[in-house]
Amino acid sequence: MVCTHLTEPLIPDPGEIAWQGWLTEAELCEVVDQRLFVPGGRNALRRYLESGSGSGAGEL
């Protein structure tokens, strides 16, 4: 697996993104099924949590 770290500011395209913000892992787990996410976003989060990388592994 390759880990990438941002070295420049993240600037979303307002024409592509309706809302943006930073959420804690717990907040993300609360809203993942309540808000619109990019295709595969829910599955990616579940895989991340199941991998043990997240502190809330298995909570979804």
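**Close-up views of a predicted protein chain**

By class, 13 nonpolar, three polar and two charged residues make up the lining of the largest pocket. The legends below belong to a predicted model.

**Figure 1. Overview of the protein chain and its two helices.** The secondary structure of the predicted chain consists of two helices and zero strands. Helix 1 covers residues 25-31, and helix 2 covers residues 41-50. The chain has 60 residues, of which 13% count as buried. Its accessible surface comes to about 5,400 Å². Carbon and sulfur atoms account for 55% of that surface.

**Figure 2. The largest pocket and the residues nearest its centre.** The space in the largest pocket amounts to about 890 Å³. Its lining is formed by 18 residues. Those that lie nearest the centre are W19, Q20, G21, F37 and V38. In the lining as a whole, 13 residues are nonpolar, three are polar and two are charged.

**Figure 3. A nonpolar surface patch made by L6, L10 and W22.** Together, these three residues form a patch of about 460 Å². One of them, L10, is located in the segment before helix 1. L10 counts as exposed because its relative accessibility is 56%, and the cut-off for that class is over 50%.

**Figure 4. The salt bridge between D33 and R42.** The structure holds two salt bridges. In one of them, the side chains of D33 and R42 meet at 3.4 Å, N to O. The two partners fall into separate accessibility classes: D33 is exposed, with a relative accessible area of 53%, whereas R42 is partly exposed at 28%. The value for D33 is over 50%, and therefore D33 belongs to the exposed class.

**Figure 5. The salt bridge between D33 and R46, and the network around D33.** The side chains of D33 and R46 also meet in a salt bridge, at 3.5 Å, N to O. This pair links distant parts of the chain, with D33 in the loop between helix 1 and helix 2 and R46 in helix 2. The two residues are 13 residues apart. Through salt bridges that share partners, D33, R42 and R46 are joined into one network. R46 has a relative accessibility of 26% and so counts as partly exposed, a class that lies between the cut-offs of 20% and 50%.

Conventions:
Residues are numbered from 1 along each chain as its sequence is written. This is a predicted model: local features need pLDDT of at least 70, side-chain atom pairs count only at pLDDT 80 or more; totals for chains, interfaces and linings use all residues. Side-chain values use heavy atoms; hydrogens and water are left out. Helices (H or I, at least four residues) and strands (E, at least two) are DSSP runs, numbered from the N terminus. Buried means under 20% relative accessible area, exposed over 50%, partly exposed in between (1.4 Å probe, protein chains only). Accessible areas come from the Shrake-Rupley method with a 1.4 Å probe; for residues, only the protein chains shown count as cover. Patches are made of residues with over 30% relative accessible area and no salt bridge: like charges are joined within 9 Å, nonpolar side chains (Val, Leu, Ile, Met, Phe, Trp, Tyr) within 5 Å. A salt bridge is a side-chain nitrogen of Lys or Arg within 4 Å of a carboxyl oxygen of Asp or Glu. On a 1 Å grid over the protein atoms alone, a cavity is a set of points where a 1.4 Å probe fits but cannot get out, and a pocket is an open set with protein on both sides within 12 Å along at least five of seven lines; lining residues have an atom within 4 Å of a point. Grid points are joined across faces, edges and corners, and a volume is the space filled by probe spheres set on the points. Ala, Val, Leu, Ile, Met, Phe, Trp, Tyr, Cys and Pro count as nonpolar, Asp, Glu, Lys and Arg as charged, and the others, Gly among them, as polar.
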